[in-house]
Amino acid sequence: MNIELNAEFFPKYESFLPYYEKIAAYTFSLLHVPSSYEIDVSFVDEDTIQQLNRDYRNKDSVTDVISFAYNDGENPVSFSYQEDALQILGEIYICIPRAIKQAEEIGNSLGRELCFLFAHGLLHLLGYDHMNDEEAKEMFSLQNQILEILGGDYGNETIN
């Protein structure tokens, strides 16, 4: 498993890569997904995420995280893959300014919010959704279980 982190516009958050690797490794193990995948993660601003949301989801608004699964609709456990070659699972875009606002609003640390958004995006890449109550219950339960692997250590990033 490999995570490519693009923090070009928000370089101070590159420190989250080890947390994301830990979250992904645990999630893949928990869900019995082969670990021969690459995940591309980009930290973006509000304009960029709004454009992605508008262009690909027909929603002209800022959101916190957007995921694009390369094998959308397929179960990653059953993807055909080569043991010796990484295949791209998908892309996750996390809006840093939105994450900061949300962390302030709900009283989370920014670190927890960024880990939560990554776990949320990763579950979307793995085929989970929250379009109805049953799906939401399953996905949010998994998110909470996944975040427990960090034992409350979400990095020392604060909002300021």
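Trainee: Is Tyr37 buried or exposed, and what relative accessibility does Tyr37 have?

Mentor: Start with the general idea: buried means under 20% relative accessible area, exposed means over 50%, and partly exposed is in between, using a 1.4 Å probe and protein chains only. Tyr37 has 0% relative accessibility, so Tyr37 counts as buried. Before we go on, remember this is a predicted model: local features need pLDDT of at least 70, side-chain atom pairs count only at pLDDT 80 or more, and totals for chains, interfaces and linings use all residues. Residues are numbered from 1 along each chain as its sequence is written, and side-chain values use heavy atoms, with hydrogens and water left out.

Trainee: How many helices and strands does the protein have?

Mentor: Helices (H or I, at least four residues) and strands (E, at least two) are DSSP runs, numbered from the N terminus. Here there are five helices and four strands, and along the sequence they follow the pattern β-α-β-α-β-β-α-α-α. Of the 160 residues, 42% count as buried.

Trainee: What about strand β2: which of its residues are buried on each side?

Mentor: The general idea first: in a regular strand the side chains alternate between the two faces of the sheet. In β2 (37-44), one side has Tyr37, Ile39, Val41 and Phe43, the other has Glu38, Asp40, Ser42 and Val44, and all of these are buried. Eight of the eight residues are buried, so β2 is largely enclosed by the rest of the structure.

Trainee: Which way do β1 and β2 run, and how many bridges join them?

Mentor: Two strands pair if DSSP finds at least two bridges between them. Strand β1 (residues 2-6) is joined to β2 by five bridges, and the two run parallel. Glu4 stands opposite Asp40 in β2.

Trainee: What does Gly90 touch, leaving aside its neighbours within four places in sequence?

Mentor: Contact means heavy atoms within 4.5 Å. Gly90, in strand β4 (residues 87-95), is in contact with Glu38, Ile39, Asp40, Phe68, Ala69, Tyr70 and Leu125. Gly90 and Tyr70 are 20 residues apart along the chain, yet their C-alpha atoms are separated by 5.0 Å. Gly90 is also buried, with a relative accessible area of 0%.

Trainee: Which residues of helix α2 are buried?

Mentor: Ile49, Leu52 and Asn53. Look down the axis of α2 and you'll find the buried residues within an arc of 100° (taken from the directions from the helix axis to the C-beta atoms), so they line one face of the helix. Among what covers them are β2, β3 (65-69) and β4. Just after α2, Asn58 takes a positive phi of about 55°.

Trainee: How many aromatic pairs does the structure hold?

Mentor: Rings of Phe, Tyr and Trp (its six-membered ring) pair if their centres lie within 6.5 Å; planes under 30 degrees apart are stacked, over 60 edge-to-face, and the rest tilted. The structure holds eight such pairs. For Tyr20 and Phe118, the ring centres are 4.2 Å apart and the planes sit at 5°, so that pair is stacked. Tyr20 lies in helix α1 (residues 17-30) and Phe118 in helix α4 (residues 110-125), so the pair ties together parts that are 98 residues apart in sequence. Both Tyr20 and Phe118 are buried. Phe28 and Tyr37 make an edge-to-face pair, 6.3 Å centre to centre with 85° between the planes.
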